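Please go through the model below with this report at hand.

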Amino acid sequence: MSISEKQEQTQKAIGWAARDSSGVLSPFYFTRRTNGDNDVTVKILYCGICHSDLHITTNEFGFSPYPVVPGHEIVCVVSQVGSKAKKFKAGDKVAVGCFVGSCGACSYCQADSENYCPKGTYTYTIFDTDVTKNYGGFSDILVVDERFAHRFPDTLSPEGGAPLLCAGVTVYSPMKYFGLGEPGMHVGVVGLGGLGHLAVKFAKAFGMKVTVISTSPNKKEEATNRLGADSFIVSHDADQMQVSGCLHTDFFFSFFFF
């Protein structure tokens, strides 16, 4: 295949890339694959910043495949639709998270657990072993298998809803998987950071009783008054831990950055 033919099968894109462990982002011109039969091409409106983006752009894990265009909390508008794609039409507002594709045939894919697919395609390349390098949502366009795009409601602000594509689903998924979400259940949330505050909001939306456990006393105001937690415990206060009876919760969520 000639160079001109290869160029015809790509789409020009621009993003913001880190080129070394300084993590400094600068304009980066690259190409996306052409829109396939089952794909949608989207124009990116907003993209959240996840802490894992910082890990990768600054090479904290030691294997960042520079240049890196981060971003996997993406709200966008469909601009192209593949001939076999049926979920969306041009102009639809959609959201894309950490994956843009998978094999579709393995046992994990068949069980709706595509995140375990050995051939899953990350929104942006994390490991150099990936066959084709992908660039993330800090860019103008993205091509994604329609199975990994999700309809985004008009009632939700795109800038506010973008973090639900990573931090949000990280707490929502285990709640649903373990049968939580029933009014009256009691959940403990250990750590009130980016994930923890979304866990509190989901749990309260489900009608659950929520206890926040934190090492930071100054987070009590946010936990109880802003987010609606029913109680707050300082974990290094032995008396509070003892009196609270927090071990009688139905489930604990613990959130830490590695």
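How many aromatic pairs does the structure hold? The structure holds ten aromatic pairs.

## Basis

This is a predicted model: local features need pLDDT of at least 70, side-chain atom pairs count only at pLDDT 80 or more, and totals for chains, interfaces and linings use all residues. Residues are numbered from 1 along each chain as its sequence is written, and side-chain values use heavy atoms, with hydrogens and water left out.

## Aromatic rings

Rings of Phe, Tyr and Trp (its six-membered ring) pair if their centres lie within 6.5 Å; planes under 30 degrees apart count as stacked, over 60 as edge-to-face and the rest as tilted. Tyr177 and Phe178 have ring centres 5.1 Å apart and planes at 85 degrees, so the pair is edge-to-face. Tyr177 counts as exposed, at 67% relative accessibility. The scale is relative accessible area: buried is under 20%, exposed over 50%, partly exposed in between (1.4 Å probe, protein chains only).

One aromatic cluster is formed by Phe28, Phe30 and Tyr135.

## Nonpolar cores

A nonpolar core is a set of buried Ala, Val, Leu, Ile, Met, Phe, Trp, Tyr and Cys residues joined through side-chain atoms within 4.5 Å. The largest has 22 residues. Val200, Met208, Val210 and Val212 touch the most other members. Helices H5 (167–177) and H6 (194–205) each give two or more residues, as do strands E10 (186–190), E11 (209–214) and E12 (231–234). H6 gives the most, with five. Helices (H or I, at least four residues) and strands (E, at least two) are DSSP runs, numbered from the N terminus.

A second, separate core has 15 residues, including Val78, Val96, Val100 and Val144.

Contact means heavy atoms within 4.5 Å. Beyond four places in sequence, Val210 is in contact with His186, Val187, Val189, Val200, Ala203, Lys204, Ala229, Asp230 and Ser231.

## The five-stranded sheet

Five strands form an open, antiparallel sheet in the order E8-E3-E4-E5-E9. Strands E8 (141–145) and E9 (149–151) are the edges, each pairing on one side only. Two strands pair if DSSP finds at least two bridges between them.

Seven bridges join E3 (residues 39–47) to E4 (residues 74–81). Val40 has Val81 in E4 as its bridge partner.

## Aspartate 53

Asp53 lies in helix H2 (residues 51–57). At 2% relative accessibility, Asp53 counts as buried. Leaving out residues up to four places away in sequence, Asp53 touches Gly48, Pro70, Gly71, His72 and Tyr124. Asp53 and Tyr124 are 71 residues apart along the chain, and their C-alpha atoms are separated by 9.9 Å.
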